[in-house]
Amino acid sequence: MNLLDVNAICKTYGNGETAVKVLKDVSFSVPKGEFVAVVGESGSGKSTLLNMIGALDTPTSGNVLIDGNEIFCMNDEKLTIFRRRNIGFIFQAYNLIPELNVEQNISFPVLLDYKKPDKAYVEEILTVLSLQDRCGHLPRQLSGGQQQRVAIGRALITRPMLILADEPTGNLDSQNSNEVISLLKTASKRYQQTIIMITHNRSIASTADRVLQVSDGVLTDLGGYAV
Amino acid sequence: MNSYLGLVLEYAKVHKKKNRLTVVCIALSVMLITAIFGMADMSLKSQTEEAIRRYGNWHVIFSDISDSTAGEIAGRGDINVSSWLGMADETTYQGKELVVQSCNEKLAGQMNMVVSDGHYPATANEALFDRQGLEQFGLSISDVIEVAFSDGQVRHYTITGTFRDYSTLKGSDAHGLQLSTEGMRALPADLYREYYYVKFNHSVNINGAIADIQAEHSLSGEQVSTNVMLLGLMGQSTDTTMLEIYLTTGILLILVAMAGTFMIASSLNMSVLERAQFFGLLRCLGATKKQVTRYIRREGLLYCVKAIPFGLLAGSIVQWVAMFVLNKLNTQYLPVMPSYQISWLGVAAGAVIGVLVVMIASGSNSTRYIFCIYKIYFIFAINFVIIIRTVI
């Protein structure tokens, strides 16, 4: 069964002569538990596509179904709650809340859902991400790799079915990049999550189950399954 | 942290300096509003006290009315004190001017005539004599005083008590003999005139009540005279000069409230706008618009908790200092204003405008609502001007 169905998504910014077509009729599906990499040159529309899938932006036409739910038919509040519970985001710039420590950053999405964080699960995530001895540290006291691990932890805490990662290794050196990818893969297997990751790094992309190629707003390669 | 709103406190802990500017802006606005409203309140209080001290605490005088009309007026539910006040023709006692008056004990109290020794005259030949007079003429309570009236007759009154001198007597080097109403009415009719004094209850529409009495008893305008000064200070005068003062005061207070609102709303808007990325991040993490609004509102509440008490205290101190300086500098033209008194009107204006504007400015559609507040101020000011101009 497909977890994600992207159907004929188009996105145009501006209008008239200044209109820029960023995505042109993009369609693809991702089954549950798959780790998909999206590659393409800068400005090809990868991040816009990810933003559409994560409902951070709305398409000009087309629709996106996550686990059978047509997300753009939901009102703003319902969509936000759906996104909070079902989609985890990992950004290149980490986007941690600088005022909160590691543990608080990881627990924050749960608090937004008016729930108490499951202490055992937080501990487990901290252990998996090797952050146990850093849980009281603020983001500025951590290295780039550690901050990205916190961002992964935050994406995992609500046990989302889909994780969207926008160049999670873009700011990291090769050792940290490998660690982060390895953690993402481990998490995806352990928690049965589907991951869609944008990357420029071909060797990282090669570790994914499938690689999608975006060129000038068009999905040119639906990707073969890596051996 | 048990709730996402706990981030408000965590943020405040880290950004103390940044928040301080917003808190100071709110506190300054509250201080401005509290101090100016407080000064206006205190000035009004002192002038009211002065007017009562000088002219007495009454609202309207009816002249040339019958006892039965007076009785019907006294029976109204909106009247606090009423009495005939009699004034005898000018006379002298041992070469000094003697003011002979009468009224009931309740009205005497309102006219600052407080019995300090003895008791209020109850019969026709009993009277109160002022304390300075007793001392000057070697009289004491229960002595009999002989008063020669303009009809050539000498009448005898037993002194039943004395009262503290009041300013009118002191100012004219005169003495006062206070009779009971019966005592005044025992004089020949051409020796005195009587007027019916009325003080209404609190929160009565005095002009409405007077018009009602006039209509009910067919009284002409000449039979009615009001205590213009006191009614003016109570905000119930239709006198042109008073209305001009209301207009100026009202416009000034609206301007102060507008300035305060502008300062608070601007500082809060800036604080929110410069953190657009932060609120965007909260939305990405799954905060709904309502949750972001609630977050900003909680921040506003935190600002209120820090800024408003400080603003109210600072406003009261500024008001005290201003009063002290005014009292020192201006002893001739203005009555002495109460020092070190808290103006609850000033405090309430500062707190209400402060909390209201902070909470509105921190809510969703804040710009629209703040514009609404400005609109209300403008509409209020314009209507105020129109109403007063129409009356003038």
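**A tour of helix packing and the chain contact**

Select helix α5 (residues 144-156) and helix α6 (residues 174-190) of chain A: their axes come within 10 Å and cross at roughly 15 degrees. Angles under 35 degrees count as roughly parallel, so α5(A) is roughly parallel to α6(A). The crossing of this pair, α5(A) and α6(A), is right-handed. This is a predicted model.

Now show the side chains at the contact. On α5(A), pick Gly144(A), Gly145(A), Gln148(A), Arg149(A), Ile152(A) and Leu156(A). On α6(A), pick Asn176(A), Glu179(A), Val180(A), Leu183(A), Leu184(A) and Ala187(A). Colour the residues of this α5(A)–α6(A) contact by class: six are nonpolar, four polar and two charged.

Next, go to helix α2 (residues 76-86) of chain A. Which residues of α2 are buried? Select Thr80(A), Arg83(A) and Arg84(A). They sit on the same side of α2(A), because they cover an arc of only 100 degrees around the axis.

Last stop: the contact between the chains. Here 16 residues of chain B are in contact with 17 residues of chain A. On chain B, select α1 (6-14), α11 (276-284) and α12 (289-329); each supplies at least two residues of the side that touches chain A. Which element gives the largest share of that side? Zoom in on α1(B), with four residues. Colour the side of chain B that touches chain A by class: nine residues are nonpolar, four polar and three charged.

How values were computed:
Residues numbered from 1 in each chain as written. Chains lettered and ligands numbered in written order. Predicted model: local features only at pLDDT ≥ 70, side-chain atom pairs only at ≥ 80, totals over all residues. Buried ≥ 20, exposed ≤ 12 C-beta atoms within 10 Å, placed from the backbone. Arc of directions from axis to C-beta. Axes fitted to C-alpha atoms, helices over the stretch in contact; angles between N-to-C directions. Parallel < 35°, antiparallel > 145°, perpendicular 65-115°, else oblique. Left-handed = near helix turned anticlockwise from the far one by under 90°. Contact = placed C-beta atoms within 7 Å. Nonpolar A, V, L, I, M, F, W, Y, C, P; charged D, E, K, R; others polar.
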